[in-house]
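Colleague: I am new to this structure. Could you walk me through how to read it?

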Amino acid sequence: MIPLWSRPIASSTPPLTLRLGHTVRFMQTDIIVLELNPHGPLRELHERIKHSGVTHARPRFAFTPHITLSFYRQLDAAERRALLSFRVDQPVEVTEIECSLSNDPQPARHLLTLPLSGPPSPRSP
């Protein structure tokens, strides 16, 4: 069953054009991510989902959008340098959202994928 909150949000949200930020490593870990701007259309989508009535655990961290490049495996120095130098210069388009059910420490379970199919936004990225 598709959660009631998800369809109106996805169907009224246009695809998002986002610029990727710098590659960073979380302190004292080998978790390497590409930063995303926490403001603008991504923040708006986050707030709409957050206030939609979906149940969720209390966040452990502030909203920090990112794309994870490395999470589980230990990286050697060359792999770490290569990932930290990775750049994406062109904007990327996010055309769908995925919903997962997580219950730490078990892996997340994919629930559904929804296209972002709203009308184009009058604002530019």
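**Reading the model**

Modeller: Start in helix H2 (residues 41-50), where Arg 43 and Glu 47 are four residues apart and so are separated by about one helical turn. Helices (H or I, at least four residues) and strands (E, at least two) are DSSP runs, numbered from the N terminus. This is a predicted model: local features need pLDDT of at least 70, side-chain atom pairs count only at pLDDT 80 or more, and totals for chains, interfaces and linings use all residues. Residues are numbered from 1 along each chain as its sequence is written, and side-chain values use heavy atoms, with hydrogens and water left out.

Colleague: How do the side chains of Arg 43 and Glu 47 meet?

Modeller: A salt bridge is a side-chain nitrogen of Lys or Arg within 4 Å of a carboxyl oxygen of Asp or Glu. Arg 43 and Glu 47 form one at 3.4 Å, N to O.

Colleague: What else does the side chain of Asp 30 reach?

Modeller: Look for polar contacts. Each is a pair of N or O atoms within 3.5 Å; within protein, one must be able to donate a hydrogen and the other to accept it, and residues adjacent in sequence count only if both atoms are side-chain atoms. The side chain of Asp 30 has such a contact with that of Gln 74, at 3.2 Å. It also reaches the backbone nitrogen of Leu 75, at 3.1 Å. Contact in the wider sense means heavy atoms within 4.5 Å. Beyond its neighbours within four places in sequence, Asp 30 touches residues including Ser 70 and Arg 73.

Colleague: Now the strands. In what order do three of them form an open sheet?

Modeller: Strands of a sheet pair through backbone hydrogen bonds, either parallel or antiparallel. Two strands pair if DSSP finds at least two bridges between them. Here the order is E2-E3-E4, with antiparallel pairing. Strands E2 (20-25) and E4 (66-70) are at the edges, each with a single partner, so one side of each has no neighbour in the sheet. Neighbouring strands are turned by 25° against each other on average, direction ignored. Four bridges join E3 (residues 32-36) to E4. Leu 34 stands opposite Ile 67 in E4.

Colleague: Which helix packs on the sheet?

Modeller: Helix H3 (residues 77-84), touching E2, E3 and E4. Its direction makes about 160° with that of E2. Axes are lines fitted to C-alpha atoms, for helices over the stretch in contact, and angles run from 0 to 180 degrees between N-to-C directions.

Colleague: What joins E6 to E7?

Modeller: A hairpin, through two residues. Strands E6 (residues 96-103) and E7 (residues 106-115) run antiparallel, with seven bridges between them. Ile 97 has Leu 114 in E7 as its bridge partner.
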